[in-house]
Amino acid sequence: MRTPAARPLSLYVHLPFCRAKCPYCDFAVALYRPGRPEAYVELLVAEAELALAEGGPVPAVPRGARVATVFFGGGTPTVSPPEALRRLASELARRFDLSGVREWTVEANPEGLAPEALSALRALGADRLSIGAQTAEPGELRALGRRHLWEDVEAAVRGARRAGFGNVNLDLMFGLPGQTVASWRRTLEAAVALGPEHVSTYGLEVEPGTPFYAFRERGLLDLPDDAAQAEMYEEARAFLRAEGYEQYEISNFARPGFASRHNLVYWDNGDYLGLGLGAHSHVDGVRWGNTRNLRRYRESVVQGVRPLDPEATEVRGPAGELADAMLLGLRRLRGVSRRVLRRRFGLDPGEVFAADLRELAASGLVALGKDRIRLTRKGLLLGNLVFERFALG
Amino acid sequence: MPDIRNFCIVAHVDHGKSTLADRLIERTGTLDRRAMSEQVLDQLEVERERGITVKAQAVRMLYRPSRGPSAGREFVLNLIDTPGHVDFSYEVSRALAACEGALLLVDATQGVEAQTLANFHLALDHGLALVPVVNKIDLPNADPERARRELGELGFLPDECLLVSAKEGVGVEELLDAIVERIPPPAGDPGAPLAALIFDSRYDAYKGVVPYVRLFDGRLARGDRVRLMQSGGEYEVTEVGVFRPQPVPVDELVAGEVGYFAAAIRSAKECRVGDTVTHADRPRPMPLPGYRPAVPMVFAGVYPVSAEDYDALREALERFQLNDAALVFEPETSAALGFGFRCGFLGLLHMEVVSERLAREFGLDLVTTAPSVVYRVRLRSGEVREIDNPAKLPDRSLVEAIAEPMVLAEVIAPHEFVGPVMELCQGRRGRFLALDYLGGERARLSYRLPLAEIMFDFFDQLKSRSRGYATLDYRPDGYEEGDLVKLEVLVAGEPVDALATIVARGEAEARGHKLVKQLKELIPRQQFDVALQAAVGGRVVARETLRALRKDVLAKCYGGDVTRKRKLLERQREGKKRMKRVGRVDIPQEAFLAVLRTGEER
């Protein structure tokens with residue numbers, strides 16, 4: 001069983017409310033209505049309490065556990081009134097030791113970010129703002145169904161600085177309808193001009209069940225082909241490196257010292273507790289996910305039952321943990337260390353996956369060092385061909 | 001002899017044969033509704049899913065008419081179900097030979113169709129008494145009068161045609177009475193030497209192959225020593241019985257009756273449908289007429305995706321053969337696919353059913369190559385070789401001529417579709433024979449076509465060009481020499497023998513173009529560019545390039561949702577496992593059947 005002194009935990013809290021749902025979005029999202037976030041925060045508090053109780057279907061987290069990083073994701077966390085977020089933060093602080101938190105990220109949309117709201121976030125302990133900027137091109141923003149302009153992004157970054165955020169991330173997207181390598185380059189330039197400490201560049205994934213999926217099926221999405229997407233990706237790598245950003249993960253770039261500590265916990269297959277709608281957790285070798293259905297989430301929490309999605313709950317065991325550590329760790333540019341993984345799981349991935357690794361190295365997808373295994377440049381573009389070897393259910 | 005009526009139901013596919021059979025079984029109290037799983041006679045899972053009967057079945061029902069001249073007497077009604085597909089026409093003919101009468105079933109919404117006519121003539125050829133039945137009269141678009149008119153053109157009187165809704169159970173009583181009144185009782189001499197016709201068989205793990213028989217003369221009882229006159233095998237009978245519809249042992253079967261016997265027969269090969277059972281110590285001088293050995297019409301390579309499954313595949317095929325004498329196979333090696341088997345089938349449907357069942361019942365991942373007909377290749381040396389695998393076609397320099405099997409095809413379609421159907425048949429190297437107009441605004445087209453052309457999505461094309469109205473029936477019609485060439489396919493520069501086909505020279509280029517285009521759609525992109533080429537005699541006639549996969553990577557594992565992404569990747573990997581690696585390229589099963597789809601666009 002975990003003790004409060006054990007390896008620190010990361011905390012993810014999902015705030016699902018948005019003013020509108022973007023047509024490409026596949027996250028657990030609910031429409032904002034006045035009063036909804038306040039009621040939802042009470043459910044989060046109740047769920048946090050359930051997460052501390054022993055004897056449930058998944059491992060409990062000890063009361064007072066040391067928390068290393070916090071991430072408020074969404075949805076759009078910043079549509080929740082500051083008072084509700086304050087209450088959430090103080091209730092979390094009553095159950096977890098937040099005194100040692102080294103990174104506290106809040107996701108935000110650029111539009112309508114009031115200075116008071118930003119100051120309130122700082123006051124409750126947040127020190128990193130992650131802004132969903134997506135693209136600087138008005139046409140591409142429209143195609144994405146975004147409700148902001150690049151001016152909003154500029155204003156948001158200025159506001160964040162004024163409020164005292166010393167760590168700002170811009171989320172950017174490529175592979176968008178109508179996007180070209182040239183327009184992507186303009187977005188990268190516009191983003192870097194705002195001086196963020198961190199930039200994420202996500203290739204658009206068209207997920208089943210989203211309006212974008214239906215559009216694509218009907219031939220209505222003019223998406224760049226994978227050769228163009230590969231070019232955009234290479235463009236981002238080259239440009240951001242030249243601008244002083246170090247790529248540390250497939251989609252993530254940061255000024256030295258600003259790699260996201262919270263996200264590194266995911267990629268290092270560390271422990272995290274997720275609270276809220278559709279949130280995922282990984283504690284003591286068990287993975288679980290919460291239901292994505294708000295009504296079911298509410299009913300479950302109100303009845304004092306953990307709001308789990310049974311489909312997303314699994315006990316991994318050492319072999320599964322090792323495979324997950326490979327699948328996730330190879331996303332980092334530095335790759336994985338055989339020595340570290342052997343110490344953690346008692347299994348040497350170089351031996352367990354010897355045949356696969358040999359093949360992958362022969363295809364030029366991974367590079368095998370004395371200790372480190374990492375993706376090559378080609379592997380970064382064709383990561384799924386590598387990851388599938390470690391996708392063991 | 002008891003009062004017996006032996007009959008079958010013949011119909012076009014989907015005209016409601018199985019439902020009617022169910023209703024008869026239910027109405028005669030043979031099984032109650034609760035005990036009946038939908039459509040008792042179609043027992044195989046695959047059959048049920050496809051709504052077709054692949055093997056014949058038999059059921060014995062008791063019926064006591066409550067009116068008419070036979071009121072109060074008890075009759076034994078033996079219903080012999082027949083396979084519903086043109087692939088199985090020999091099996092149909094043996095089932096008909098076991099009967100004195102047939103119900104000619106016509107869908108009230110569709111009228112007489114190609115298979116209705118084919119079955120009508122087949123039944124007449126067997127001298128059966130026919131009872132015309134118009135089914136589905138409950139449907140809103142039913143036109144029973146039109147169906148009656150069309151049956152009238154076949155020589156039936158309007159009063160003869162019974163109107164039935166098998167689904168609603170309407171008219172079933174009248175139909176049972178008609179079976180008793182209009183179908184003659186079996187003739188036959190119980191005292192004569194035993195003559196029993198095998199019209200089907202089933203494999204039973206404990207009893208061996210159980211033949212289904214119709215006795216024409218003599219008696220058959222447990223302990224009898226019997227001889228199968230065609231195969232020559234002799235056996236000791238361990239059980240005789242009847243179907244109600246589950247097997248029920250009886251003391252003996254007598255001339256005129258239908259039932260089964262068990263005699264520890266090891267494989268279906270030993271008791272082919274159509275064989276005659278007689279007593280070893282008192283044989284009849286001549287077997288019953290009409291026997292024909294199984295002649296496979298199409299051949300395809302069946303290969304395990306993973307080489308370790310080779311033995312499992314052989315065992316599965318052997319197990320299959322116990323129950324299916326029409327399936328033949330022998331080991332074959334392909335440069336592309338490794339070790340597998342060349343299998344012969346009665347037709348495409350037979351092939352699909354067998355490969356589906358191999359996959360499903362034995363859990364095997366298989367690659368089935370495009371089916372081929374049997375070509376007769378005349379060599380310059382004068383030797384004639386039968387070639388059932390295009391890859392094995394001898395070198396051009398040795399070949400004098402190639403002959404291919406032909407069929408006589410009859411298509412029935414509404415007038416308005418005659419043009420498109422003719423266009424299709426001409427495009428498939430068909431020779432026009434006749435066009436005649438039937439009643440009900442319909443026409444019958446006769447063509448002589450190469451069998452190979454019918455395998456290339458002919459039926460789908462026929463349906464799409466006639467908005468589903470045209471129906472097809474065909475029968476083999478000898479061989480004919482043609483200007484045929486081998487169309488080879490090269491993937492990444494390597495010839496893939498399993499993708500080779502034999503086509504008419506004039507069409508080689510067009511076929512090649514369509515084929516490589518299809519392959520481009522079906523083969524997933526690899527880490528490098530892959531050339532897809534079609535060639536005739538070493539000359540490339542068509543080429544496509546399958547562009548290298550440039551980017552395939554999950555952008556993120558958002559919020560730590562590892563489970564879902566991992567499952568996606570897992571599915572992707574499993575999908576690849578089911579592909580066959582040829583050289584450096586992974587080729588999915590569908591690609592090997594691409595040649596079947598290289599006809600016109602749908």
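Visitor: How many residue pairs are in polar contact between chain A and chain B?

Guide: Please bear in mind that this is a predicted model. Between chain A and chain B there are 23 residue pairs in polar contact, both residues being at pLDDT 80 or more.

Visitor: Which elements of chain A give two or more residues to the side that touches chain B?

Guide: They are the strands β4 (67-74) and β8 (198-203), together with the helices α8 (226-242), α11 (317-329), α15 (377-381) and α16 (383-387). The largest share, 5 residues, comes from α8(A). Sorted by class, that side of chain A has 21 nonpolar, 10 polar and 15 charged residues.

Visitor: How many salt bridges are counted between the two chains?

Guide: The count between chain A and chain B is 7. One of the salt bridges joins the side chains of Glu207(A) and Lys565(B), at 3.3 Å from N to O.

Visitor: What area do chain A and chain B bury between them?

Guide: The two chains bury about 3400 Å², with 50% of it on carbon and sulfur atoms. On the side of chain A, Asp226(A), Asn384(A) and Glu388(A) lose the most area to chain B, together 19% of what that side buries.

Visitor: Let us turn to a single residue. Is Val13(A) buried or exposed?

Guide: Val13(A) counts as buried because its relative accessibility is 0%, and buried means under 20%. This residue lies in strand β1 (residues 9-15) of chain A.

Visitor: Which residues is Val13(A) in contact with, leaving aside neighbours within four places in sequence?

Guide: Among them are Leu44(A), Phe71(A), Leu88(A) and Leu275(A).

Terms used
Residues are numbered from 1 along each chain as its sequence is written. Chains are lettered from A and ligands numbered from 1 in the order in which they are written. This is a predicted model: local features need pLDDT of at least 70, side-chain atom pairs count only at pLDDT 80 or more; totals for chains, interfaces and linings use all residues. Side-chain values use heavy atoms; hydrogens and water are left out. Helices (H or I, at least four residues) and strands (E, at least two) are DSSP runs, numbered from the N terminus. Buried means under 20% relative accessible area, exposed over 50%, partly exposed in between (1.4 Å probe, protein chains only). Contact means heavy atoms within 4.5 Å. Buried area is the accessible area (1.4 Å probe) that two parts lose on being put together, summed over both. A salt bridge is a side-chain nitrogen of Lys or Arg within 4 Å of a carboxyl oxygen of Asp or Glu. A polar contact is a pair of N or O atoms within 3.5 Å; within protein, one must be able to donate a hydrogen and the other to accept it, and residues adjacent in sequence count only if both atoms are side-chain atoms. Ala, Val, Leu, Ile, Met, Phe, Trp, Tyr, Cys and Pro count as nonpolar, Asp, Glu, Lys and Arg as charged, and the others, Gly among them, as polar.
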